[in-house]
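Thanks for coming. I'll go through a few local features of one chain, a residue or two at a time.

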Amino acid sequence: MTSLFEERERAAEYGYTHGEELRFLALREGIESVAHWAAEAIGQPPEAGAGYAAALLGRLTGGAGVPDLVAQVSQDLEAAGHPDLAREIPARFSQAIATA
């Protein structure tokens with residue numbers, strides 16, 4: 001028979017785990033949105049956006065943080081000749097993650 005304390009502890013662990021999963025899913029959706037936007041902005045086909053999103057998500061799961069991803073997308077846009085769009089990336093990331 002489990003004690004009330006153990007049941008509460010399991011419920012708290014489940015709540016934490018569930019919350020982290022939801023945050024990651026929102027982050028993933030936001031990254032995918034920005035990746036597709038960036039690919040479209042430099043004239044790439046939709047498949048390129050999916051590949052770019054996969055590459056960014058790979059960096060995220062490899063330990064990179066959101067600031068690293070923002071810097072990467074900004075650098076990629078600048079390298080493609082779009083420094084004006086690169087300046088929009090921090091706001092686009094914030095908006096995409098917030099609305100995901």
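What you see is a predicted model. Let me start with Glu6, which counts as partly exposed because its relative accessibility is 36%. Glu6 is found in helix 1, which covers residues 4-41.

How many salt bridges does the count come to? The count is three.

Take Arg23 and Glu20. These two form a salt bridge in which the closest N and O atoms are 2.6 Å apart. Arg23 and Glu20 are three residues apart in helix 1, so about one helical turn separates them. As for Glu20, a relative accessible area of 34% makes this residue partly exposed.

Next, still in helix 1, come Arg28 and Glu32. They sit four residues apart, about one turn of the helix. Their side chains meet in a salt bridge, with 4.0 Å from N to O. The cut-off for a salt bridge is within 4 Å, so please note the 4.0 Å given for this pair. Is Arg28 buried, partly exposed or exposed? Arg28 is partly exposed, since its relative accessible area is 34%. Glu32 is also classed as partly exposed, because its relative accessibility is 28%.

Then there is Arg92 with Glu88. Their side chains meet in a salt bridge at 3.2 Å, again N to O. Arg92 has a relative accessible area of 29% and is therefore partly exposed. Glu88, at 32% relative accessibility, counts as partly exposed too.

Now to nonpolar side chains on the surface. Leu22, Phe24 and Leu25 form a nonpolar patch there, and together they have about 260 Å² of accessible area. Leu25 has its place in helix 1. With 40% relative accessibility, Leu25 counts as partly exposed. How far apart are the C-alpha atoms of Leu25 and Ile89? They are separated by 20 Å, and the two residues are 64 residues apart along the chain.

Glu29 lies in helix 1. Its relative accessibility is 46%, so Glu29 counts as partly exposed.

My last stop is Ser74, which is found in helix 3, residues 66-79. Is Ser74 buried or exposed? Ser74 counts as buried, because its relative accessibility is 12% and the limit for buried is under 20%. What lies 2.9 Å from a polar atom of the Ser74 side chain? The answer is the backbone oxygen of Val70.

Ser74 in helix 3 is buried, and a polar atom of its side chain lies 2.9 Å from the backbone oxygen of Val70. That is what I had for today.

Note on methods. Residues are numbered from 1 along each chain as its sequence is written. This is a predicted model: local features need pLDDT of at least 70, side-chain atom pairs count only at pLDDT 80 or more; totals for chains, interfaces and linings use all residues. Side-chain values use heavy atoms; hydrogens and water are left out. Helices (H or I, at least four residues) and strands (E, at least two) are DSSP runs, numbered from the N terminus. Buried means under 20% relative accessible area, exposed over 50%, partly exposed in between (1.4 Å probe, protein chains only). A polar contact is a pair of N or O atoms within 3.5 Å; within protein, one must be able to donate a hydrogen and the other to accept it, and residues adjacent in sequence count only if both atoms are side-chain atoms. Patches are made of residues with over 30% relative accessible area and no salt bridge: like charges are joined within 9 Å, nonpolar side chains (Val, Leu, Ile, Met, Phe, Trp, Tyr) within 5 Å. Accessible areas come from the Shrake-Rupley method with a 1.4 Å probe; for residues, only the protein chains shown count as cover.
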